[in-house]
Amino acid sequence: MMLRSSQGFIITCASLGLSESLLPKLVCVQSIRWNRKPRWLPVAKSKMFRVPVRPKIPKEEKDELCRLHNIYRTYFSALRHYLSQEYEKNINQYTGLVDIGGQDSEHEDCMRINAEWNAEVAAEREERLVRQGEERKKIILETLIAAEKRQQERAQKADEIVRKEKV
């Protein structure tokens, strides 16, 4: 049994966790029938081998459709041909204007400047890594010294406690 609430939600007995025998007989029950079969269900056995009847199109209408389709194909093939010619014309027009020799020297200058910048950054990085390594070594050494001092203090306290217990 399915119910439709006032907000438009569909409520089923399964979603409420009830069996249909527990529900009271409602006066305003609206049953819902689905319009289509779900996609995951297979084709019915009675419909499995059914061949649909081909629609009968009159000869005059078929000839008219073929004529219109041929006109459409002709116009679009002409348009494609025209656009490809225009594209080729524009490419041929602009290839002569580009100075390739100037671009090569400019590209080489840019590559040289980039290589210099990369070398500067690499040198700065090496200096920074060396400096950070030294700082890290210093911090590790300080923590080791502090831990050793704490260990010695604990040992001294333990010795004092043992001496007090002996006396």
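Let's start at Phe76, which is found in helix α2, residues 59-95; helices here are DSSP runs (H or I) of at least four residues, numbered from the N terminus. The model is predicted, so local features need pLDDT of at least 70 and side-chain atom pairs count only at pLDDT 80 or more, while totals for chains, interfaces and linings use all residues. Residues are numbered from 1 along each chain as its sequence is written, and side-chain values use heavy atoms, leaving out hydrogens and water.

Phe76 has a relative accessible area of 38%, so this residue is partly exposed (buried means under 20%, exposed over 50%, partly exposed in between, with a 1.4 Å probe and protein chains only). Which residue pairs with Phe76? Its partner is Tyr72: the ring centres lie 4.8 Å apart with the planes at 45 degrees, so the pair is tilted. Rings of Phe, Tyr and Trp (its six-membered ring) pair if their centres lie within 6.5 Å, with planes under 30 degrees apart stacked, over 60 edge-to-face and the rest tilted. A search of the whole structure finds one aromatic pair. Tyr72 and Phe76 sit four residues apart in helix α2, about one turn.

Now follow the charges along the helix. The structure holds five salt bridges, each a side-chain nitrogen of Lys or Arg within 4 Å of a carboxyl oxygen of Asp or Glu. Asp63 bridges to Lys59, with the closest N and O atoms 3.5 Å apart. Lys59 counts as exposed because its relative accessibility is 59%. Arg67 and Glu64 form another salt bridge, at 2.6 Å. Elsewhere, Asp109, Arg112 and Glu116 are linked in a network of salt bridges.

Technical notes: Helices (H or I, at least four residues) and strands (E, at least two) are DSSP runs, numbered from the N terminus.
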